[in-house]
Amino acid sequence: MIDTTVILGISATLVSFVAGYAIAKIPRPGNTSSTTSKNHSAGDNGTDKVFADMGGEYKMVLVVRNDLKMGKGKIAAQCGHASVGAFESGLRNTPAAIRKWQSSGQAKIALKVETEVALMEIFRAAKANKLNCCLIRDAGRTQIEPNTKTVLAIGPAPNVAVDSVTGHLKLL
């Protein structure tokens, strides 16, 4: 006889999967909010057409400043801010890339740089390649001085496009 807790666990897993899949397939309208953040930047509206021609897998990269010696929790919070910011700007500017990224597992890769200068070089290269970006500046309430650039999110975009800017960086 099969234990009822096993059956309940399998049932809950299946229901969760089906519900998540159904929610992911609901069309999402563009963000109609009139607020903007000075930290967000993205390519022009033609970027989705360029990405459509690239095909392949999509990802988001989080470039973290390693020289700041942030604690693990601080890094996690800053990466969370960056990924949400990149997702929100992507909804407005590259919605097709967002949909492809969502349907392929929402890959996020954490990489590191050793200086603010290096972070800003990556940021400028990403913008030049019309990649969706979100640069996070810390509010300065805990470990970091106010207005310090901590994390840069790039994407979601095709792996090839993101790697053209960040492929030389090491994992965090």
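Start with the aromatic rings: the structure holds one aromatic pair. Select F87 and W101, whose rings are tilted, with 6.3 Å centre to centre and 45 degrees between the planes. Rings of Phe, Tyr and Trp (its six-membered ring) pair if their centres lie within 6.5 Å; planes under 30 degrees apart count as stacked, over 60 as edge-to-face and the rest as tilted. F87 belongs to helix 3 (residues 72-93) and W101 to helix 4 (residues 95-103), so the pair ties together parts that are 14 residues apart in sequence. Helices (H or I, at least four residues) and strands (E, at least two) are DSSP runs, numbered from the N terminus.

A note on the source: this is a predicted model, in which local features need pLDDT of at least 70 and side-chain atom pairs count only at pLDDT 80 or more, while totals for chains, interfaces and linings use all residues. Residues are numbered from 1 along each chain as its sequence is written, and side-chain values use heavy atoms, with hydrogens and water left out.

Is W101 buried or exposed? W101 is buried, at a relative accessible area of 4%, and F87 is partly exposed, at 23%. Buried means under 20% relative accessible area, exposed over 50%, and partly exposed in between (1.4 Å probe, protein chains only).

To see where the helices meet, pick F87, G90, L91, R92 and N93 in helix 3 with P95, I98, W101 and Q102 in helix 4; contact means heavy atoms within 4.5 Å.

Move to strand 2 (residues 58-65). How many of its residues are buried? Eight of its eight residues are buried. Colour Y58, M60, L62 and V64, which point one way from the strand, and then K59, V61, V63 and R65, which point the other way.

Strand 3 (residues 107-113) pairs with strand 2 in the parallel sense over seven bridges. In strand 3, K59 has A107 as its bridge partner, and V64 has K112. Two strands pair if DSSP finds at least two bridges between them.

Follow K112 onward: K170 in strand 6 stands opposite K112. Strand 3 and strand 6 run antiparallel and are joined by two bridges.

H168 is exposed, with a relative accessible area of 59%. Its C-alpha atom is separated by 9.7 Å from that of L111, 57 residues apart along the chain.

Finally, zoom out. The protein chain has six helices and six strands, in the order α-β-α-β-α-α-β-α-β-β-α-β from the N terminus on. Of its 172 residues, 36% count as buried.
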